[in-house]
Amino acid sequence: MAHSASYGDLFYLAPMAYGIGRGLSKFLELPKRLPRAHQLLNYVWVPAVPMVLIAGALGLKGDKLGDYYWVFVWLAIIATLAAVRDYRPARTLLLAVIPSALYKLLEVVQSASGLLMGRFDIAKDVSVSFVGIWLITFLFIARSQKKQLEKEQLLREEEARAKRAIEAQNAELERLVSERTVALTNQAEELRTALNELKTTQAQLIQSEKMASLGELTAGIAHEIQNPLNFVNNFADVSAELVTELEEEREKPARDVELEADLLADLKQNLLKISQHGGRAASIVRGMLEHSRTSTGERQPTDLNALADEYLRLAYHGLRAKDKSFNATLLPDFDPALPPVAVIGQDLGRVLLNLLTNAFYAVRQRQLRNEPGYAPTVSISTRKLGDEAELRVKDNGTGIPESAKAKIFQPFFTTKPTGEGTGLGLSLSYDIITQGHGGTLVVESEEGQGTEFIIRLPV
Amino acid sequence: MQILVVDDEVDVRDLFQQRFRREIRSGELSFNFAFSGEEALAFLRSRPSEVLIILSDINMPGMSGLDLLSHVKKEFAMPPTTMMMITAYGDNDSYQKAMALGANDFLTKPVDFAVLKDKLQHLLA
């Protein structure tokens with residue numbers, strides 16, 4: 001290409017330039033990097049046409065036309081490379097082609113000025129090899145740089161894809177989380193509802209446990225009320241008789257003043273007894289009502305001895321009413337020095353009733369074993385113990401097996417046959433003493449010997 | 001005629017003494033009172049053959065009326081003591097047991113004193 005003798009060179013130089021332009025365009029990815037340069041390069045062959053036409057028309061026989069055109073091609077290439085110098089392979093290519101272009105330029109200028117030197121020819125051969133090697137080397141470098149860049153590009157795209165995938169996953173996760181959150185919120189709502197229902201049920205259970213124990217009490221209460229009522233009726237009747245007798249005595253001419261005084265004294269005493277027994281019946285009814293009412297939770301100073309005595313009778317007669325053949329020795333032992341203790345009377349009453357009912361049940365069970373010489377005994381005692389009041393409910397019944405001891409205060413634990421116990425009695429009692437009164441409830445028991453429950457309440 | 005009334009209710013004494021005041025005044029009937037089965041047995045042992053009639057409640061803490069009845073029937077066979085049982089629970093079971101143990105009569109609370117008086121008059125006659 002360097003030794004174009006006439007404009008005929010242009011016929012192959014122009015397509016070659018076009019080819020190089022296309023190659024360059026492709027290598028540099030000009031259509032997307034710099035479309036304008038790509039278009040211009042496509043027309044790199046165009047200047048050759050007027051040159052051929054003019055040369056043909058003027059009949060110029062110059063061997064310089066090809067060289068000039070070629071210089072133009074070199075300049076076009078350098079300009080293009082300069083335009084896309086931001087692209088690293090383009091800079092490398094620029095570095096690759098500059099010596100070749102310079103060499104061509106030098107050659108053209110030299111031949112135009114007609115300088116010819118032998119020394120230069122030698123240098124020229126060396127230069128051609130050098131320029132050629134330079135060009136090829138940097139072409140390879142540019143090519144590998146391009147490949148490197150493409151690889152990096154691929155990697156970046158890969159990363160971007162991965163990033164997009166992660167983002168998509170994140171979005172999916174967000175969606176799942178919000179879905180799960182909604183589900184959890186719903187679940188929490190459901191649980192809250194269930195909890196409320198459970199609380200309601202618990203309150204109902206406690207109430208029905210009370211009612212069950214009230215049922216056990218009914219017969220005892222009936223008996224306890226019947227007794228004072230009988231006295232009220234009897235003393236009222238007999239008082240009417242006394243009044244009649246008194247009237248008869250006053251009608252007599254010889255009045256027995258001493259007898260009249262006796263009758264009057266009896267009358268007075270009877271009225272007192274009517275009032276006493278009426279009060280006894282009323283207090284039992286009051287106690288029953290208190291027992292069935294929902295706890296107000298108010299602590300009142302209470303005579304624990306009276307409370308214990310009342311519930312001892314109620315529990316005993318309650319069992320008696322159900323089981324006529326049952327009989328037990330009751331041993332109340334109340335400390336008269338016990339001061340009033342602030343308690344929720346009906347709650348503590350329920351505890352005592354529960355413990356006593358259990359005690360009677362235990363001695364009854366043992367009695368049914370027909371041990372010779374066995375005397376069922378239930379005792380209840382109160383004692384002032386420092387700044388504590390102690391209540392003990394003791395029986396000589398069947399006792400509690402070791403295996404059951406740990407469970408007796410658990411809700412729904414019962415050793416009674418199905419339908420006879422709710423399994424809530426001791427658990428409720430435990431709550432009433434520990435939580436309701438800040439006291440303690442402990443059990444001491446020996447299987448086959450008996451059981452003792454010990455309540456301690458702060459005074 | 002000596003009558004022993006056994007009941008854990010202390011006021012029974014006043015009631016009986018007033019209900020039978022005429023009979024007591026006239027010396028027709030004489031009452032003694034015990035407030036438990038054990039007390040009744042002790043009383044009987046201390047004064048054998050004086051008491052002819054025992055009126056006993058069945059439902060008492062400790063020794064019940066039925067226990068007392070069987071003791072009396074074993075220990076005090078002669079002279080034959082009349083045992084009248086009284087109970088607040090007029091159940092057939094107690095009645096059967098009392099009769100099987102040899103009770104002479106069975107009353108239900110509240111005691112109808114007119115009926116009781118009749119029965120006692122009948123025994124006196």
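## I24 of chain B

With 15 C-beta neighbours inside 10 Å, I24(B) counts as partly exposed, a class that lies between buried (20 or more other C-beta atoms within 10 Å of the residue's own) and exposed (12 or fewer), with C-beta atoms placed from the backbone. The residue belongs to helix α2 (residues 21-25) of chain B, where helices (H or I, at least four residues) and strands (E, at least two) are DSSP runs numbered from the N terminus. Not counting residues up to four places away in sequence, I24(B) touches Q17(B), L29(B) and F31(B); two residues are in contact if their C-beta atoms, placed from the backbone, lie within 7 Å.

This is a predicted model, in which local features need pLDDT of at least 70 and side-chain atom pairs count only at pLDDT 80 or more, while totals for chains, interfaces and linings use all residues. Residues are numbered from 1 along each chain as its sequence is written, and chains are lettered from A and ligands numbered from 1 in the order in which they are written.

## Where the two chains meet

In the contact between the chains, 17 residues of chain B meet 19 residues of chain A. On the side of chain B that touches chain A, α1 (11-19) and α5 (92-100) of chain B each supply at least two residues, and α1(B) gives the most, with five residues. The residues of this side of chain B divide into five nonpolar, five polar and seven charged, where Ala, Val, Leu, Ile, Met, Phe, Trp, Tyr, Cys and Pro count as nonpolar, Asp, Glu, Lys and Arg as charged, and the others, Gly among them, as polar.

## Nonpolar cores

In soluble globular proteins, nonpolar side chains tend to be buried together. A nonpolar core is here a set of buried Ala, Val, Leu, Ile, Met, Phe, Trp, Tyr and Cys residues joined through C-beta atoms within 7 Å. The largest such core has 40 residues, and those with the most contacts inside it include Y311(A), L352(A), L356(A) and F360(A). Several elements of chain A each supply at least two residues of this core, among them α9 (304-322), β4 (377-385) and β5 (388-395), but α10(A) gives the most, with 10 residues.

Leaving aside its neighbours within four places in sequence, L356(A) is in contact with Y311(A), L312(A), A315(A), V378(A), I380(A) and V393(A).

## A sheet in chain A

Five strands of chain A form an open sheet with mixed pairing, in the order β2-β4-β5-β7-β6; two strands pair if DSSP finds at least two bridges between them. The edge strands, each of which pairs on one side only, are β2 (329-333) and β6 (440-446) of chain A. Strands β2(A) and β4(A) run parallel and are joined by five bridges, and P332(A) has I380(A) in β4(A) as its bridge partner.

## Backbone features

E29(A) lies in the loop between α1 (9-27) and α2 (30-33) of chain A, whereas N370(A) lies in the loop between α10 and β4 of chain A. N370(A) counts as exposed because it has 7 C-beta neighbours inside 10 Å.

In chain B, a cis peptide bond with omega of about -5° joins K109(B) and P110(B), and P110(B) has its place in the loop between β5 (105-108) and α6 (113-124) of chain B.
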